[in-house]
Amino acid sequence: MEGVVVGTKDGLVQVDVRLSTACEGCLHKTVCAMGSGCRSRIIEVKTTKEYAPGQKVEVLISNGLGMAAVLIGYVLPLFSVLAALVSVYALTGREILAAVCGLLVLAPYYLFLKMCKKRLDKKFRFEIE
C-alpha cells in the first residue's frame with residue numbers, strides 16, 4: 001500500500017494510506033472495513049528509521065496476516081451467529097429468541113477481541129518498505 005507520512009512520535013510513524021491504491025489488488029476489498037467509508041486511513045507503523053512528514057512510503061503486511069484478519073473479523077463472528085441461531089431455534093423453536101441470541105453472541109466475541117487488542121497489535125504489524 002502506498003502512503004504518505006503525516007507524522008512521527010515515540011517510534012511510531014503515522015502513514016495516510018489512500019484506499020484506492022491500497023485496495024486495488026486485494027481479493028477481499030469488497031468485504032473489508034478498510035474498503036468502506038472514507039478514502040484514506042491513518043495507519044501507525046512501529047519503526048526505528050526516521051521519516052519526514054510528506055515522504056512517500058510503501059506499507060506492507062503479509063498475505064497470511066491479511067487472511068487471518070478476515071477470519072477473525074468476519075468469518076468467526078458469522079459462524080458464531082449462525083451457530084447461536086441454529087442451536088437456540090432447535091432447542092426452543094422460537095425465531096425471535098434465536099435472533100436475539102444470535103446477535104447477543106457477538107457482544108462477548110468483540111469484547112474478547114477488545115481485551116486481546118495488545119496481543120493482536122503485536123501479531124498484525126505493518127512494516128514500511
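This report describes helix packing, an aromatic pair and selected residues in a predicted model.

## Packing of α2 against α3

Two packed helices are described by the angle between their axes and the distance between the axes. For helix α2 (residues 63-92) and helix α3 (residues 95-104), the angle is about 150 degrees and the axes lie 8 Å apart. An angle over 145 degrees counts as roughly antiparallel, and α2 is therefore roughly antiparallel to α3. The crossing of these two helices, α2 and α3, is right-handed.

On the α2 side, the contact is formed by Val 81, Ala 84, Leu 85, Val 88, Tyr 89 and Thr 92. Helix α3 contributes Glu 95, Leu 97, Ala 98, Ala 99, Cys 101 and Gly 102. By residue class, the contact of α2 with α3 comprises nine nonpolar residues, two polar and one charged.

## Packing of α2 against α4

Helix α2 also packs with helix α4 (residues 106-115), their axes coming within 10 Å and crossing at roughly 150 degrees. The helices α2 and α4 are therefore roughly antiparallel to each other, and their crossing is right-handed.

From α2, the residues in this contact are Ile 72, Gly 73, Leu 76, Pro 77 and Val 81. From α4, they are Leu 106, Tyr 109, Tyr 110 and Leu 113. The contact of α2 with α4 contains eight nonpolar residues, one polar and no charged. Val 81 of α2 is listed both in the contact with α3 and in the contact with α4.

## Leu 113 in helix α4

Leu 113 lies in helix α4 and has a relative accessibility of 18%. Because buried means under 20% relative accessible area, Leu 113 counts as buried.

When neighbours within four places in sequence are left aside, Leu 113 is in contact with Ile 72 and Leu 120. Ile 72 belongs to the α2 side of the contact between α2 and α4. Leu 113 and Ile 72 are separated by 41 residues in sequence, and their C-alpha atoms are 8.8 Å apart in space.

## The aromatic pair

A pair of aromatic rings is described by the distance of the centres and the angle of the planes. One aromatic pair is found in a search of the whole structure. Tyr 109 and Tyr 110 form this pair, with 5.2 Å from centre to centre and 80 degrees between the planes. Planes over 60 degrees apart count as edge-to-face, and the pair of Tyr 109 and Tyr 110 is accordingly edge-to-face.

Most residues other than glycine have a negative phi. Asp 10, although not a glycine, has a positive phi of about 50 degrees. Asp 10 is located in the loop between β1 (2-9) and β2 (12-18). With 78% relative accessibility, Asp 10 counts as exposed.

Asp 16, by contrast, is buried, with a relative accessible area of 13%. Asp 16 lies in strand β2. Not counting residues up to four places away in sequence, Asp 16 touches Gly 3, Val 4, Val 6, Ser 40, Arg 41 and Ile 42.

Conventions. Residues are numbered from 1 along each chain as its sequence is written. This is a predicted model: local features need pLDDT of at least 70, side-chain atom pairs count only at pLDDT 80 or more; totals for chains, interfaces and linings use all residues. Side-chain values use heavy atoms; hydrogens and water are left out. Axes are lines fitted to C-alpha atoms, for helices over the stretch in contact, and angles run from 0 to 180 degrees between N-to-C directions. Helices (H or I, at least four residues) and strands (E, at least two) are DSSP runs, numbered from the N terminus. Angles under 35 degrees count as roughly parallel, over 145 as roughly antiparallel, 65 to 115 as roughly perpendicular and the rest as oblique. A crossing is left-handed if the near helix is turned anticlockwise from the far one by less than a right angle, and right-handed if clockwise. Contact means heavy atoms within 4.5 Å. Ala, Val, Leu, Ile, Met, Phe, Trp, Tyr, Cys and Pro count as nonpolar, Asp, Glu, Lys and Arg as charged, and the others, Gly among them, as polar. Rings of Phe, Tyr and Trp (its six-membered ring) pair if their centres lie within 6.5 Å; planes under 30 degrees apart count as stacked, over 60 as edge-to-face and the rest as tilted. Buried means under 20% relative accessible area, exposed over 50%, partly exposed in between (1.4 Å probe, protein chains only).
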